[in-house]
Amino acid sequence: MTEPRGAGGSVFVSNGGVRLHALDNGRRGAAAPPVVVVPGMGESAAEYGWLLDRLGEQRVHEHRSTGRRVVVVDLRGRGGSDAPASGYTWEDHVGDLGTVISALEVERPVLVAFSRGSSYALGHALAHPERVRGLVVGDYGARHVRPPDAVVERQLRAEIRGVPMIDRMADHAARAIFAESRDVPLWDRLSGLNFPVLVIRGGRRSTVVTDQVADQWRRALPAVEIETIPGAGHDLWSGDPDAYLAALVPFLDRLTDVGRDGAVSA
(Lines give C-alpha, C1' and ligand atoms only; values in the text may rest on other atoms or scores of the structure.)
Protein backbone atom coordinates (compact mmCIF):
# COMPACT_ATOMS: atom_id res chain seq x y z
CA MET A 1 0.00 0.00 0.00
CA THR A 2 1.32 3.47 -0.92
CA GLU A 3 1.02 6.17 1.71
CA PRO A 4 -0.96 9.27 0.65
CA ARG A 5 0.96 12.49 0.16
CA GLY A 6 -1.07 15.62 0.77
CA ALA A 7 -4.68 16.17 -0.21
CA GLY A 8 -5.89 13.52 -2.60
CA GLY A 9 -2.75 11.38 -2.60
CA SER A 10 -2.86 8.13 -4.56
CA VAL A 11 -3.00 4.86 -2.65
CA PHE A 12 -3.09 1.29 -3.97
CA VAL A 13 -4.47 -1.89 -2.41
CA SER A 14 -5.04 -5.39 -3.80
CA ASN A 15 -8.23 -7.41 -4.00
CA GLY A 16 -7.46 -10.96 -5.09
CA GLY A 17 -4.59 -9.83 -7.28
CA VAL A 18 -6.45 -6.86 -8.80
CA ARG A 19 -4.66 -3.63 -7.89
CA LEU A 20 -7.11 -0.92 -6.90
CA HIS A 21 -6.41 2.80 -6.87
CA ALA A 22 -7.97 5.39 -4.60
CA LEU A 23 -7.47 9.02 -3.66
CA ASP A 24 -7.12 9.63 0.08
CA ASN A 25 -6.68 12.98 1.79
CA GLY A 26 -5.08 11.11 4.70
CA ARG A 27 -6.92 13.00 7.43
CA ARG A 28 -7.05 10.16 9.92
CA GLY A 29 -8.45 11.16 13.27
CA ALA A 30 -10.52 14.06 11.95
CA ALA A 31 -13.52 14.85 14.12
CA ALA A 32 -16.21 14.39 11.46
CA PRO A 33 -17.10 10.92 10.15
CA PRO A 34 -15.04 9.88 7.12
CA VAL A 35 -16.55 9.74 3.64
CA VAL A 36 -15.91 7.14 0.94
CA VAL A 37 -16.97 8.28 -2.54
CA VAL A 38 -18.04 5.63 -5.07
CA PRO A 39 -18.14 7.01 -8.64
CA GLY A 40 -20.57 5.80 -11.28
CA MET A 41 -20.08 3.72 -14.41
CA GLY A 42 -17.17 5.01 -16.49
CA GLU A 43 -16.17 7.64 -13.95
CA SER A 44 -12.75 7.85 -12.34
CA ALA A 45 -11.65 9.00 -8.90
CA ALA A 46 -9.80 11.94 -10.46
CA GLU A 47 -13.12 13.47 -11.55
CA TYR A 48 -14.11 13.68 -7.91
CA GLY A 49 -10.99 15.45 -6.68
CA TRP A 50 -13.08 18.59 -6.30
CA LEU A 51 -15.47 16.76 -3.97
CA LEU A 52 -12.60 15.32 -1.93
CA ASP A 53 -11.24 18.85 -1.48
CA ARG A 54 -14.58 20.42 -0.59
CA LEU A 55 -15.67 17.75 1.88
CA GLY A 56 -12.22 17.52 3.45
CA GLU A 57 -11.74 21.22 4.05
CA GLN A 58 -11.93 22.62 7.54
CA ARG A 59 -15.22 24.33 8.33
CA VAL A 60 -16.95 25.37 11.50
CA HIS A 61 -20.36 23.80 12.11
CA GLU A 62 -22.12 24.60 15.37
CA HIS A 63 -18.81 25.72 16.90
CA ARG A 64 -17.00 22.51 15.88
CA SER A 65 -14.47 21.76 13.16
CA THR A 66 -15.94 19.52 10.46
CA GLY A 67 -12.82 18.67 8.47
CA ARG A 68 -13.03 15.02 7.54
CA ARG A 69 -11.15 12.20 5.90
CA VAL A 70 -12.29 11.55 2.34
CA VAL A 71 -11.42 8.57 0.12
CA VAL A 72 -12.49 8.30 -3.54
CA VAL A 73 -12.39 4.79 -5.03
CA ASP A 74 -11.42 3.70 -8.53
CA LEU A 75 -13.26 0.41 -8.96
CA ARG A 76 -11.74 -2.21 -11.26
CA GLY A 77 -11.52 -1.19 -14.89
CA ARG A 78 -11.60 2.53 -14.06
CA GLY A 79 -9.03 5.24 -13.55
CA GLY A 80 -5.79 4.02 -12.00
CA SER A 81 -7.07 0.56 -11.08
CA ASP A 82 -6.31 -2.65 -12.93
CA ALA A 83 -8.62 -3.76 -15.74
CA PRO A 84 -8.56 -7.57 -15.64
CA ALA A 85 -9.89 -9.61 -18.55
CA SER A 86 -12.86 -10.77 -16.48
CA GLY A 87 -14.26 -10.47 -12.97
CA TYR A 88 -16.80 -7.65 -13.25
CA THR A 89 -19.81 -9.05 -11.42
CA TRP A 90 -21.73 -7.06 -8.84
CA GLU A 91 -20.05 -9.13 -6.14
CA ASP A 92 -16.60 -8.34 -7.55
CA HIS A 93 -17.30 -4.60 -7.34
CA VAL A 94 -18.79 -4.86 -3.85
CA GLY A 95 -15.64 -6.74 -2.85
CA ASP A 96 -13.44 -3.98 -4.28
CA LEU A 97 -15.21 -1.38 -2.18
CA GLY A 98 -14.95 -3.44 1.00
CA THR A 99 -11.28 -4.15 0.35
CA VAL A 100 -10.43 -0.45 0.01
CA ILE A 101 -12.34 0.47 3.16
CA SER A 102 -10.68 -2.30 5.19
CA ALA A 103 -7.15 -1.89 3.81
CA LEU A 104 -7.16 1.88 4.34
CA GLU A 105 -8.73 1.44 7.80
CA VAL A 106 -11.61 3.82 7.13
CA GLU A 107 -13.75 3.47 10.25
CA ARG A 108 -17.53 3.48 9.72
CA PRO A 109 -17.62 5.82 6.74
CA VAL A 110 -20.52 7.59 5.13
CA LEU A 111 -20.74 6.11 1.64
CA VAL A 112 -21.43 8.76 -1.02
CA ALA A 113 -22.26 7.03 -4.29
CA PHE A 114 -23.26 8.03 -7.79
CA SER A 115 -25.43 6.26 -10.36
CA ARG A 116 -24.35 2.61 -10.83
CA GLY A 117 -21.85 3.03 -8.00
CA SER A 118 -24.88 3.24 -5.70
CA SER A 119 -25.63 -0.46 -6.17
CA TYR A 120 -22.09 -1.35 -5.09
CA ALA A 121 -22.35 0.92 -2.05
CA LEU A 122 -25.71 -0.65 -1.19
CA GLY A 123 -24.17 -4.12 -1.51
CA HIS A 124 -21.43 -3.25 0.97
CA ALA A 125 -23.86 -1.53 3.33
CA LEU A 126 -26.28 -4.47 3.34
CA ALA A 127 -23.49 -6.96 3.96
CA HIS A 128 -21.85 -4.89 6.71
CA PRO A 129 -24.39 -2.43 8.18
CA GLU A 130 -22.40 -2.21 11.40
CA ARG A 131 -19.46 -0.78 9.44
CA VAL A 132 -21.41 2.06 7.81
CA ARG A 133 -22.49 5.33 9.40
CA GLY A 134 -24.65 6.58 6.54
CA LEU A 135 -25.37 6.18 2.84
CA VAL A 136 -25.96 8.70 0.06
CA VAL A 137 -27.46 7.28 -3.15
CA GLY A 138 -26.86 9.36 -6.27
CA ASP A 139 -29.96 9.16 -8.48
CA TYR A 140 -30.45 5.39 -8.48
CA GLY A 141 -32.86 2.75 -7.35
CA ALA A 142 -32.25 -0.08 -4.90
CA ARG A 143 -31.16 -2.62 -7.48
CA HIS A 144 -28.22 -3.60 -9.62
CA VAL A 145 -29.24 -3.46 -13.27
CA ARG A 146 -28.31 -5.71 -16.18
CA PRO A 147 -29.34 -3.70 -19.27
CA PRO A 148 -30.99 -5.59 -22.14
CA ASP A 149 -28.54 -6.54 -24.90
CA ALA A 150 -30.38 -4.27 -27.30
CA VAL A 151 -29.47 -1.14 -25.32
CA VAL A 152 -25.95 -2.00 -24.14
CA GLU A 153 -24.25 -0.53 -27.21
CA ARG A 154 -26.26 2.66 -26.87
CA GLN A 155 -25.24 2.96 -23.23
CA LEU A 156 -21.59 2.40 -24.09
CA ARG A 157 -21.80 5.28 -26.59
CA ALA A 158 -23.63 7.58 -24.20
CA GLU A 159 -21.58 10.62 -23.19
CA ILE A 160 -20.65 11.55 -19.64
CA ARG A 161 -19.59 15.21 -19.48
CA GLY A 162 -18.84 15.17 -23.19
CA VAL A 163 -16.86 11.90 -23.32
CA PRO A 164 -18.46 8.61 -24.46
CA MET A 165 -18.42 5.93 -21.78
CA ILE A 166 -16.57 3.56 -24.10
CA ASP A 167 -13.68 6.08 -24.27
CA ARG A 168 -13.49 6.48 -20.52
CA MET A 169 -12.19 3.00 -19.77
CA ALA A 170 -10.73 -0.03 -21.51
CA ASP A 171 -13.16 -1.39 -24.11
CA HIS A 172 -13.03 -4.95 -22.74
CA ALA A 173 -13.73 -3.74 -19.20
CA ALA A 174 -16.70 -1.60 -20.20
CA ARG A 175 -18.25 -4.46 -22.13
CA ALA A 176 -17.51 -7.03 -19.41
CA ILE A 177 -19.26 -4.91 -16.78
CA PHE A 178 -22.49 -5.29 -18.73
CA ALA A 179 -21.87 -8.84 -19.95
CA GLU A 180 -21.20 -10.17 -16.45
CA SER A 181 -24.04 -8.25 -14.82
CA ARG A 182 -27.30 -9.69 -13.62
CA ASP A 183 -30.33 -8.01 -12.10
CA VAL A 184 -30.00 -7.86 -8.31
CA PRO A 185 -33.15 -6.43 -6.66
CA LEU A 186 -32.42 -4.90 -3.28
CA TRP A 187 -35.69 -3.16 -2.36
CA ASP A 188 -36.84 -5.93 -0.02
CA ARG A 189 -33.54 -5.84 1.87
CA LEU A 190 -33.56 -2.14 2.76
CA SER A 191 -35.27 -2.76 6.11
CA GLY A 192 -31.94 -4.19 7.28
CA LEU A 193 -30.28 -0.78 7.09
CA ASN A 194 -29.96 0.77 10.55
CA PHE A 195 -28.37 4.08 9.60
CA PRO A 196 -29.54 7.25 7.81
CA VAL A 197 -29.96 7.12 4.03
CA LEU A 198 -30.19 10.08 1.67
CA VAL A 199 -31.23 9.82 -1.98
CA ILE A 200 -30.24 12.79 -4.15
CA ARG A 201 -31.95 13.15 -7.52
CA GLY A 202 -32.17 15.73 -10.26
CA GLY A 203 -35.28 17.66 -11.12
CA ARG A 204 -35.03 17.26 -14.90
CA ARG A 205 -36.64 14.55 -17.04
CA SER A 206 -33.36 12.66 -17.47
CA THR A 207 -33.27 11.71 -13.81
CA VAL A 208 -33.42 8.01 -12.85
CA VAL A 209 -35.24 8.59 -9.57
CA THR A 210 -38.55 9.76 -10.97
CA ASP A 211 -41.45 10.55 -8.67
CA GLN A 212 -42.50 6.91 -8.95
CA VAL A 213 -39.05 5.62 -7.96
CA ALA A 214 -38.91 8.15 -5.12
CA ASP A 215 -42.19 6.72 -3.83
CA GLN A 216 -40.71 3.23 -4.10
CA TRP A 217 -37.79 4.36 -1.93
CA ARG A 218 -40.22 5.73 0.66
CA ARG A 219 -42.28 2.54 0.74
CA ALA A 220 -39.22 0.32 1.11
CA LEU A 221 -37.42 2.58 3.60
CA PRO A 222 -39.82 5.01 5.31
CA ALA A 223 -36.99 6.91 7.05
CA VAL A 224 -35.21 7.72 3.77
CA GLU A 225 -34.47 11.36 3.01
CA ILE A 226 -34.88 12.53 -0.59
CA GLU A 227 -33.37 15.76 -1.89
CA THR A 228 -34.02 17.15 -5.37
CA ILE A 229 -31.62 19.45 -7.24
CA PRO A 230 -34.00 21.37 -9.54
CA GLY A 231 -31.63 22.13 -12.40
CA ALA A 232 -29.84 18.78 -12.52
CA GLY A 233 -30.44 15.65 -14.50
CA HIS A 234 -28.78 12.29 -13.84
CA ASP A 235 -25.41 14.08 -13.71
CA LEU A 236 -26.02 15.64 -10.34
CA TRP A 237 -23.09 17.97 -9.91
CA SER A 238 -21.21 19.10 -13.01
CA GLY A 239 -23.69 21.84 -13.88
CA ASP A 240 -23.73 23.33 -10.39
CA PRO A 241 -21.44 21.72 -7.79
CA ASP A 242 -22.63 24.11 -5.09
CA ALA A 243 -26.24 23.00 -5.55
CA TYR A 244 -25.14 19.39 -5.11
CA LEU A 245 -23.18 20.28 -1.96
CA ALA A 246 -26.21 22.13 -0.60
CA ALA A 247 -28.13 18.85 -0.76
CA LEU A 248 -25.29 16.71 0.61
CA VAL A 249 -23.45 18.65 3.30
CA PRO A 250 -26.35 19.20 5.76
CA PHE A 251 -26.89 15.42 5.82
CA LEU A 252 -23.19 14.85 6.54
CA ASP A 253 -23.23 17.52 9.24
CA ARG A 254 -26.14 15.83 10.98
CA LEU A 255 -24.27 12.52 10.99
CA THR A 256 -21.40 14.20 12.83
CA ASP A 257 -23.74 14.26 15.82
CA VAL A 258 -24.80 10.61 15.54
CA GLY A 259 -23.04 8.31 18.00
CA ARG A 260 -22.09 4.68 17.44
CA ASP A 261 -25.39 3.50 18.91
CA GLY A 262 -27.37 5.65 16.47
CA ALA A 263 -28.37 8.17 19.13
CA VAL A 264 -27.85 11.87 18.53
CA SER A 265 -25.17 13.28 20.78
CA ALA A 266 -25.90 16.27 22.95
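Buried means under 20% relative accessible area, exposed over 50%, and partly exposed in between, with a 1.4 Å probe and protein chains only. The model is predicted, so local features need pLDDT of at least 70 and side-chain atom pairs count only at pLDDT 80 or more, while totals for chains, interfaces and linings use all residues. Residues are numbered from 1 along each chain as its sequence is written, and side-chain values use heavy atoms, leaving out hydrogens and water.

Start with the salt bridges. The term covers a side-chain nitrogen of Lys or Arg within 4 Å of a carboxyl oxygen of Asp or Glu. The whole structure holds 18 of them.

One of these joins E91 to R182, at 2.8 Å from N to O. E91 sits in helix 2 (residues 90-103) and R182 in the loop between helix 5 and strand 12 (184-185), so the pair ties together parts 91 residues apart in sequence. Helices (H or I, at least four residues) and strands (E, at least two) are DSSP runs, numbered from the N terminus. E91 is partly exposed, at 37% relative accessible area. R182 is partly exposed too, at 42%.

Next, look within helix 4 (residues 149-157). Here E153 and R157 form a salt bridge of 3.4 Å, N to O. They are 4 residues apart, so about one helical turn separates them. E153 is partly exposed at 35%, and R157 is partly exposed at 49%.

Now turn to E47 and R168. Their side chains meet in a salt bridge at 2.7 Å, N to O. E47 lies in the loop between strand 3 (35-38) and helix 1 (49-56), and R168 in the loop between strand 11 (163-164) and helix 5 (171-179), 121 residues apart. Both belong to a network of salt bridges with shared partners, which joins E43, E47, R161, R168 and D235.
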